[in-house]
Amino acid sequence: MIRLCIFGTSHLAAPWSAYRAEPNAWPDLDITFVGATGRRLLEHRMDGARMVPISADLQHNMQRMTGSDTLDLDQFDAFAIIGGDVGSHMIGYVYGQVRWVGLPSMAGHDFAKPVNWTLMSEAAVDAVLSHRITHSLAACLSDILHENTGKPTLSIPAPRPSNILMSMDKHKLLAQKQAIRRGDGATLDAKYKSLATHCLTKKNARFVDQPDYTIKLHLLTRSIYMEDAIRLSVDGDIPQPEADILHGNLSYGVAVLDQINAVLTGGTG
């Protein structure tokens with residue numbers, strides 16, 4: 001049996017709920033969950049291989065989820081980090097502000113026409129995204145885990161927004177809707193996955209993108225995996241607010257745990 005510790009931000013709620021609902025569904029995994037919102041997972045100090053919270057929020061969550069105020073990392077065979085600031089929303093935000101030659105939508109573009117975005121070189125876009133991924137919570141925590149244990153770490157991103165986004169007129173991620181409509185979705189998705197894989201590998205983590213069958217139009221998550229979604233908070237699991245279309249539900253949590261299980265046990269993953 002593989003002793004696995006899964007860290008995560010608000011997106012940890014879905015797999016944690018799935019595991020609590022059916023703990024025997026993954027007999028090859030003995031899973032401990034540790035979650036905290038924002039960058040609070042970094043609010044700790046290391047005492048040898050023991051993780052000791054230095055904030056009340058992380059201490060509270062660690063106690064609630066593990067039954068202990070500290071966490072001995074030596075007891076685990078592998079780690080996974082869910083969310084941790086990594087997700088397709090990263091390239092969606094960039095696309096909302098800039099374009100670059102090479103995008104399908106730029107073929108035949110009239111550069112004399114006024115636009116609400118800035119033209120950048122593709123190399124500059126890659127540099128911006130790489131910087132954000134490399135300094136994400138997932139990357140920083142992965143370095144800490146590697147330095148103190150040398151055990152393998154998986155980085156699982158936040159899910160893509162729900163395909164409900166396509167029917168919305170106002171949302172902070174409307175740029176991803178525009179990318180899909182302009183034929184740029186596949187290009188953005190490929191760039192995001194390539195850069196995430198490259199940057200996280202350098203930070204001692206294996207990037208494992210969300211399960212293919214949950215994805216729609218490259219940049220969206222099928223709504224069936226986000227209906228009645230929940231997210232992690234200091235007070236426990238809470239329903240996803242109506243305008244928040246970025247968190248998975250219990251079915252999505254099952255999909256993520258199935259994927260982690262496949263990767264760690266030699267399945268397709």
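## Helix and sheet packing exercises

H1 and H8 are roughly perpendicular to each other (a label for angles of 65 to 115 degrees; under 35 is roughly parallel, over 145 roughly antiparallel, and the rest oblique). Before we dig in: this is a predicted model, where local features need pLDDT of at least 70, side-chain atom pairs count only at pLDDT 80 or more, and totals for chains, interfaces and linings use all residues. Residues are numbered from 1 along each chain as its sequence is written, and side-chain values use heavy atoms, with hydrogens and water left out.

**Exercise 1.** Work out how H1 and H8 pack, and which classes of residue make the contact.

*Solution.* Start with the geometry: helix H1 (residues 13-21) meets helix H8 (residues 250-264) at about 85°, and their axes are 7 Å apart. Helices here are DSSP runs (H or I, at least four residues), strands are E runs of at least two, and both are numbered from the N terminus. Axes are lines fitted to C-alpha atoms, for helices over the stretch in contact, with angles from 0 to 180 degrees between N-to-C directions.

Next, the contact (heavy atoms within 4.5 Å): H1 brings Ala14, Pro15, Ser17, Ala18, Tyr19 and Ala21, while H8 brings Leu250, Gly253, Val254 and Leu257. Sorted by class, that's eight nonpolar, two polar and no charged residues. (Ala, Val, Leu, Ile, Met, Phe, Trp, Tyr, Cys and Pro count as nonpolar, Asp, Glu, Lys and Arg as charged, and the others, Gly among them, as polar.)

**Exercise 2.** Find the strand order of the five-stranded sheet, then its edges.

*Solution.* The open sheet reads S2-S1-S6-S9-S10, with parallel pairing; strands pair if DSSP finds at least two bridges between them. Strand S2 (29-35) and strand S10 (206-207) each have a single partner strand, so one side of each lacks a neighbour in the sheet. Further in, S6 (residues 78-87) and S9 (residues 153-158) share five bridges, and phenylalanine 79 has threonine 153 in S9 as its bridge partner. Finally, helix H5 (residues 137-149) lies across S1, S6 and S9, at about 160° to S6.
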